[in-house]
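Morning, everyone. Please have a look at the model on the screen, and then I'll walk you through a few spots.

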Amino acid sequence: MAIDTIERTSTDARGSASTRLTTIDTDIHHGIYSKTDLFPYLSKVTADRFNDYGLIGGNLYAYNGGVRGYRADVVDAHSPGGLGAAATNIDRTLADLMDGCGVGIGLLTGSSLYSAAAMPDLDYASELCRAFNDFTIEHWLARDARFRFAMAICPQDPQQAAQEIDRIGGHPGVVAIIMPCGAPRAFGQRFYNPIYEACERNNLTVAIHFATEGTGVNPPPTSAGYPTYYCESRQARPSFYQAHLASMVFEGWFDKFPTLKVAMLEAGFAWVPPYIWKMDQDWKGLRYQTPWVNRLPSEYILERVRFATQPVEEPNPPEAIHSIVEWMDGKNTLMFASDYPHWDWDDPQQTLNTLKPEIRQRIFHDNALDTFPKLRA
Amino acid sequence: MTLESIAAPEVRGLNLGQPVIDVDINCTVPSIEALYPYLTEHWREYITTSAFKGAIDTSYPRGAPTTALSGTTPEKGPAGSSLELVQKQVLDAWNVEYGILNCYYAVDGLHNPDTAATMASAVNDWLRAEWLERDSRLRASILVGPRVPEMAAKEIDRVGDHPGFVQVLLPVMSEGPYGHRRYWPIMEAAERHDLVVSLQFGGAPGNPPTGAGWPSYYLEDYVTMSQIFQTQLLNLVVEGVFDQFPKLRIAFVESGWTWLPSYLWRIDKDWKGLRREVPWNKQVPSEYVKERMKFSLQPLDASPDPRHMTMLLDQLGSDDLLMFSTDYPHWQFDTPEQALPVGLSETQRRKILSENARAFYRF
Amino acid sequence: MSRHVVCQAQELPPGGRKIVEVRGRTVGVFNVNGTYYALLNRCPHRNAPLCQGVVTGLVQGPEPYKIEFSRDGEVLRCPWHGWEFDITNGRSVFNPHRIRAKSYDVAVEPADAPDDDPSIETFPVVVEQNIVVLYLGRSRPNRLPASSVGTNRAGTTRAASTEVRE
């Protein structure tokens, strides 16, 4: 394929030096290169099964963008399909993103194992998550001090998830859990309490990322069933986050777990202002159904929930970005994320460059420190 | 923020200085017995001797404060079931030139296609006889059962030429997204009769109201309803409905619209890189929306700061998208003075209050 | 114009590409079914290394659910965010910015203005005595019409000259 003849060139047209600052990137998708990467961390029986079955009940919507979901300029044409690409290469990530883009701390959010959250076999799924967590700690965290980790769990089994959080949640590099957003129950429900209690014990942030919508044990991804095209599945992502947020607000989650923060990753953010306006309006007339909620819903959300910027909004006209950021108190509630190495990633040096420097400083650095307490340790 | 018991405000109208077109007056079937005159003997007997109470199995709470403003419930029957109250509290009170009745009766939740079709026909006949023919200001949406689109098309063909019917009502929650080709018979029939197809709040498809399952509280359901409209919007565009049916117009009723600017930016952005999956689209998604769709004004879902609404209206990029609605008898605004966003220009006001709807519904 | 040697013609076979740096610019040179084209290696969206993207064909949809695929090898999809460009003339396959019908100069516009045509600057590339040669002008964009295949066809030999088809 033609890629072989390309000479690597410098990216000579990046953002100017004035946009450089030490960035904290809150969404980097690392993963395994092939199934064999997990074998050392699995029992013989599970390794055999993983080899044969793979990640069953996985992704309903094939990542139709880029090359298998990745940037064509960092994907390895020869990598085995289905589990990612050589963009999951540590050296590449360090050179391209960390060194190349001035990222001082990078939160690894996985990807390969998201579908475990939708598997019906709870033990198989949980063992895969444990293996992936150990793989990450041994290979990625140990390799470079700039990496941190949002560990994998299976939310569909809160007991095992809590055990896993207690097992490795004390590792200095582990700062959060990942909960893939497709789920048969919204995340404010008491079903998940063991997970949150374990997060409290280990001072971990609850990070929600899109994955598993409408797959495996999860219900259809929208209330109109299954959309047809990949571009539609992308647009449905905020709807999950909205369902989870509403659930957390109205089930009193923010009062039950007063120290926990929530990070919502990879759904952009311009949907937030109209959503919180609506929630505040609607709550007035229906407040009596959930009387333990004694503050405006938007107050809980803006105080305790943080939103990653990727995929960044491209409003028309472009200046509207300032309104959006203001309406959601973005200088406090937004956190930069690149989503490297996916095709729709945001270059740290070319994102939100029109914002004032002091706001950018908060979005690209300070807010992440506030959102993930273990980053300060 | 103190804890107070809040009851729905008293219903009140407002003369806005010109005749208005109200595109969303919720009309309610008072009881299954009200439909008897429009059902055959077989169905009357079936209903009387079975446990079937009609198409009323939804998660929508009849008695919630948001469902009915104080004073809208007649002596007999639920709010929205009395012509007299609608005339007094909407048509007269707001100086309505034309008012569109939206009668959602959950036939989409009936799994027996013939029952669904029969009930839908009965509702349409009831609307015609007891509403449309009694007040010339009224228009109505045609109720259909979407589960079997071909049968829905037949009902549209049956009543679609009556001048009182101006659109087809589809509940926004559905078995599958309405752009999908299996629903095309409905679009075809609507286009044939030059009817608007409207997607409206609610539905009983069996799918949970969110992609993350069934929320515990109605409030969550209520708040996240706009998501389903978004799903439907994009699906209608990318399945080529607007390309296949060049005359078709789609209305979103009770969807809210403050989410629309940011949503259009997002789908346009993604489409630029994913176009090849849906190459029959001849233009960016937002262009289809602006050309072929309109949205009812309520719920406003406004920011507490009125200046934001002015900016949002700018961000919509078009003054032609919104159509005035009271959403009677639902509680959408505390006082009628809050029904309109502040800061509208004269042109915007006129368009929202009547001219957008006049053009759209061919009044 | 300045003249830059890219490589021997046989080093750039059909389906191949080379990315070269010349005078502070990065340019991708493509051999598309035997005809050479050169594009600026920078996407007007977010400055991605455009020429490292996926080479594919033109996907069109005459009606819903009907896909027509043609001109295989003549369309380049940006490796970031997927915008599509016609390799033979640098034009975006479907101008994603155009929301108003207006005529516009065939030129590269800054990426910030949403209404602008995000076409890619192209450069003449010719084969001279079996060498692939790239010509860079001043700031004026150059386009090789797709029909003008005489000078940028592989397998032709021409005396080196300053005459360039535009």
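**A serine and its neighbours**

Leaving out residues up to four places away in sequence, S121(B) touches E155(B) and R158(B). Touching, or contact, means heavy atoms within 4.5 Å.

Before going on, some ground rules. This is a predicted model: local features need pLDDT of at least 70, side-chain atom pairs count only at pLDDT 80 or more, and totals for chains, interfaces and linings use all residues. Residues are numbered from 1 along each chain as its sequence is written, chains are lettered from A and ligands numbered from 1 in the order in which they are written, and side-chain values use heavy atoms, with hydrogens and water left out.

Back to S121(B). It sits in helix 3 of chain B, residues 113-130. Helices here are DSSP runs of H or I, at least four residues, numbered from the N terminus. Is S121(B) buried or exposed? It counts as buried, because its relative accessibility is 17%. The cut-offs: buried is under 20% relative accessible area, exposed is over 50%, and partly exposed is in between, with a 1.4 Å probe and protein chains only.

Now L55(A). This one lies in the loop between helix 1 (44-53) and helix 2 (90-99) of chain A. L55(A) counts as partly exposed, because its relative accessibility is 21%. Its C-alpha atom is 9.9 Å from that of A118(A), 63 residues apart along the chain.

Last, confidence. pLDDT is the predictor's confidence in each residue, from 0 to 100. Chain A averages 88, and 89% of its residues score at least 70. Over residues 1-19 of chain A, pLDDT stays under 50.

Note on methods: Helix = DSSP H or I, 4+ residues; strand = E, 2+ residues; numbered from the N terminus.
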